[in-house]
Amino acid sequence: TDATRYMRFYTPATERHDGKWNTSKYRLSLNAPSVNAVEILDPYVRLEGIQIERNAGADARTVLYVNAASGNVTIEACIIKKSGTAAASSGINNYGQTGYIINTIVYDCDDGIKGYQIAYIYNCDFISCVYGIHAFADSSVNWIVKNCLAKGSTTADFSKNAGTGTMTCSNCASGDATADDFGGSGNSISQTFTFVDEAGDDFHLASTDAGAKDFGADLSGDANYPFSDDIDGQTRS
């Protein structure tokens, strides 16, 4: 595999979720007692528009695990969660060489996303986790986080372990006071977010939201991953 010959796992529009967990659309619901629900072990893999949950298991594992041997993995427009009787489960464990996590929602997990290496995390939501975004800092960490929202974390919405790595957040928003702790600009802290139906796990921003709506940066010309749509496939204004 390489940049032009990659593996793509995706749902077509007719079988894809509508931006919230939808049991009438394609989903992976795993009773995985002692394993990760999904593992990506090869470079140049794209995972697009898939709902994944780990709903049972006594061992602490991960819903979506990206192995250190892999690189240039893209996770886009996915919905990831822990549910049922599953023990401690991180949403995304990113140990790949380079990862792009775009337009993705993670909720009810331990770490929404954690890991090492290089990651570009754009336009993602992390809701009701222990940590929303959790960078394990060593010399290889370089996380660029843009237009991300985290709220309801029991420890921290945005976090980086002490170390020599970097995490830079721009135009991000947190329910606690952590979104502006890691450089960048345009970040908002201690915000109250209004979703369409938070109790029903519909995390589309309501038209009345004043905590995040219209505060994001335009990423259509981003140097690392330019795009202009949202998790619903609609063009962003």
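This is a predicted model: local features need pLDDT of at least 70, side-chain atom pairs count only at pLDDT 80 or more; totals for chains, interfaces and linings use all residues.
Visitor: How many bridges join S8 to S11?

Guide: Three bridges link S8 (residues 79–82) and S11 (residues 105–107), and the two run parallel. As one case, Ile 80 has Val 106 in S11 as its bridge partner.

Visitor: Now the charges: why can side chains pair at all?

Guide: Side chains of opposite charge can pair when their charged atoms come close. In this model the count of salt bridges is eleven. One of them joins Asp 110 to Lys 82, with the closest N and O atoms 3.9 Å apart. Asp 110 sits in the loop between S11 and S12 (111–115) while Lys 82 is in S8, so this pair ties together parts 28 residues apart in sequence.

Visitor: Are Asp 111 and Lys 114 buried or exposed?

Guide: Both are buried, and their side chains meet in a salt bridge at 3.9 Å, N to O.

Visitor: And what about Lys 151 and Glu 198?

Guide: Their side chains form a salt bridge at 2.9 Å, N to O. Lys 151 is in S17 (residues 149–151) and Glu 198 in the loop between S21 (195–197) and S22 (202–205), so parts 47 residues apart in sequence are tied together. Lys 151 counts as buried because its relative accessibility is 18%, whereas Glu 198, at 31%, counts as partly exposed.

Technical notes
Residues are numbered from 1 along each chain as its sequence is written. Side-chain values use heavy atoms; hydrogens and water are left out. Two strands pair if DSSP finds at least two bridges between them. Helices (H or I, at least four residues) and strands (E, at least two) are DSSP runs, numbered from the N terminus. A salt bridge is a side-chain nitrogen of Lys or Arg within 4 Å of a carboxyl oxygen of Asp or Glu. Buried means under 20% relative accessible area, exposed over 50%, partly exposed in between (1.4 Å probe, protein chains only).
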